Amino acid sequence: MDDFKRCTLCGHQWQSRNDFLDDSSTEMVGYQVNFGELELGYFLFNHLECGTTLGISAGSFEDLYDGPVYEDRLLGAEECEEYCLHEDQLDPCPAKCECAYVREILQTVQRWPKK
Ligand SMILES: [Zn+2]
């Protein structure tokens, strides 16, 4: 059957998303936004076992969030801190921007308890 993710370098396979997030050898290191389709952005993880960086689409984590999704995009507006333009910036966004919900998911993923 299809695994959730296979490491592109060492070939390690994670069977499910929980399996991946639970793993103490995976560490979130970045978020590569896709402003065209937010769910096609990438969450970047280091696989500490082999040292490579893996990208997993933001859409794969979407169901971890069930709060409000704002309609307007505020990139370039005064309220926007432009976090999304910096791949290694993983803080939550205080603006009521369409892109902010993805950054809430980043928090959930970063705080995921490792086994
Ligand atoms: Zn690996």
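I call a residue buried under 20% relative accessible area, exposed over 50% and partly exposed in between, with a 1.4 Å probe and protein chains only. This is a predicted model, in which local features need pLDDT of at least 70 and side-chain atom pairs count only at pLDDT 80 or more, while totals for chains, interfaces and linings use all residues. Residues are numbered from 1 along each chain as its sequence is written, and side-chain values use heavy atoms, with hydrogens and water left out.

I looked up cysteine 97 and found that it counts as buried, because its relative accessibility is 6%. I then checked for disulfides (a pair of cysteine sulfur atoms within 2.5 Å) and found zero in the structure. For cysteine 97, the closest cysteine sulfur belongs to cysteine 99 at 3.9 Å, which is too far for a bond.

I found Cys7 (SG), Cys10 (SG), His47 (ND1) and Cys50 (SG) coordinating the zinc ion at 2.0 to 2.4 Å. Along the chain, these donors follow the spacing C-x2-C-x36-H-x2-C. The site is tetrahedral, with angles of 105 to 116° among its four donor atoms; four donors count as tetrahedral if all angles lie between 85 and 135 degrees. I also noted that cysteine 10 is partly exposed, at a relative accessible area of 41%, and that cysteine 50 counts as partly exposed at 25% relative accessibility.

Definitions and conventions: Donors = N, O, S within 2.8 Å, 3.2 Å for Na, K, Ca; no water. Tetrahedral: all angles 85-135°; square planar, octahedral: opposite > 155°, others 65-115°.
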